[in-house]
Amino acid sequence: LRLARTIRLLLKFKELWMLVRGLMNSASTVLYTALLLFAMIYIFSCVGIELITMNEKAVGPDADERFQLLVAENFQDLWSTMLTLSAFISFDNIILVYKPLVELDWMLCPY
């Protein structure tokens, strides 16, 4: 009964109803975009784990302490790598992560 009253009230506010209807019509597009973004982050995280954690600066005789610290903080597992890439997408202080990595190994620049 309350839901029916709410719907009748929404019909009286034409602009509000247009906004709600537009949001409902675009929900599937937003969902598919979020799924595609999640898939891309997942794929690039898997690639990043292979490129960065197996880098010669992270393991081996030429291991660099700064590089190892960055890897331990930001690329230790799949979920932390995905979180780091999410910060990259939202431009959330990503320069603190990628600038030192690229300075230490310029081959990581395309990643």
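I take contact to mean heavy atoms within 4.5 Å. Helices (H or I, at least four residues) and strands (E, at least two) are DSSP runs, numbered from the N terminus.

**Entry: the model**

I am working on a predicted model, in which local features need pLDDT of at least 70, side-chain atom pairs count only at pLDDT 80 or more, and totals for chains, interfaces and linings use all residues. I number residues from 1 along each chain as its sequence is written, and side-chain values use heavy atoms, with hydrogens and water left out.

I looked up the confidence next. pLDDT is the predictor's confidence in each residue, from 0 to 100. The chain has an average pLDDT of 86, and 98% of the residues score at least 70. Within the chain, the lowest confidence is in helix α1 (residues 2–12), with a mean of 76. The highest is in α3, at 93.

**Entry: N74**

I started with N74, which sits in helix α4. For accessibility I use these classes: buried is under 20% relative accessible area, exposed is over 50%, and partly exposed is in between (1.4 Å probe, protein chains only). N74 counts as buried because its relative accessibility is 15%. With neighbours within four places in sequence set aside, I find N74 in contact with S80, T81, T84 and V97.

**Entry: α4 against α6**

I then took the helix pair to which N74 belongs. Axes here are lines fitted to C-alpha atoms, for helices over the stretch in contact, and angles run from 0 to 180 degrees between N-to-C directions. On that basis helix α4 (residues 65–74) packs on helix α6 (residues 95–104) at an angle of about 145°, and the axes are 10 Å apart. α4 passes α6 in a left-handed crossing. A crossing is left-handed if the near helix is turned anticlockwise from the far one by less than a right angle, and right-handed if clockwise.

I listed the residues that meet. From α4 they are R66, F67, L70 and N74. From α6 they are L96, V97, P100, L101, E103 and L104. By class, this contact of α4 with α6 has 7 nonpolar, 1 polar and 2 charged residues. In this classing Ala, Val, Leu, Ile, Met, Phe, Trp, Tyr, Cys and Pro count as nonpolar, Asp, Glu, Lys and Arg as charged, and the others, Gly among them, as polar.

**Entry: α3 against α5**

The crossing of α3 past α5 is right-handed.

The α3 side of the contact consists of L37, F38, I41, Y42, F44, S45, C46 and I49. The α5 side consists of L78, W79, T81, M82, L85, S86 and I89. By class, the contact of α3 with α5 has 12 nonpolar, 3 polar and no charged residues.

I picked out S45 from this contact. S45 is in helix α3, and S45 is buried because its relative accessible area is 0%. Not counting residues up to four places away in sequence, S45 touches L78, T81, M82, L85 and Y111.

**Entry: the loop between α5 and α6**

F91 lies in the loop between α5 and α6, and F91 counts as exposed at 72% relative accessibility.

I checked N93 in the loop between α5 and α6. Phi of N93 is near 55°, again a positive value in a residue other than glycine. N93 is exposed, with a relative accessible area of 53%.

I looked up K99 in helix α6. K99 counts as partly exposed because its relative accessibility is 45%. K99 and D77 are 22 residues apart in sequence and 20 Å apart in space, C-alpha to C-alpha.

C109 lies in the segment after α6 and is exposed, with a relative accessible area of 53%. I find C109 and K99 10 residues apart in sequence and 9.1 Å apart in space, C-alpha to C-alpha.

K14 counts as exposed at 58% relative accessibility. K14 and Y42 are 28 residues apart in sequence and 42 Å apart in space, C-alpha to C-alpha.
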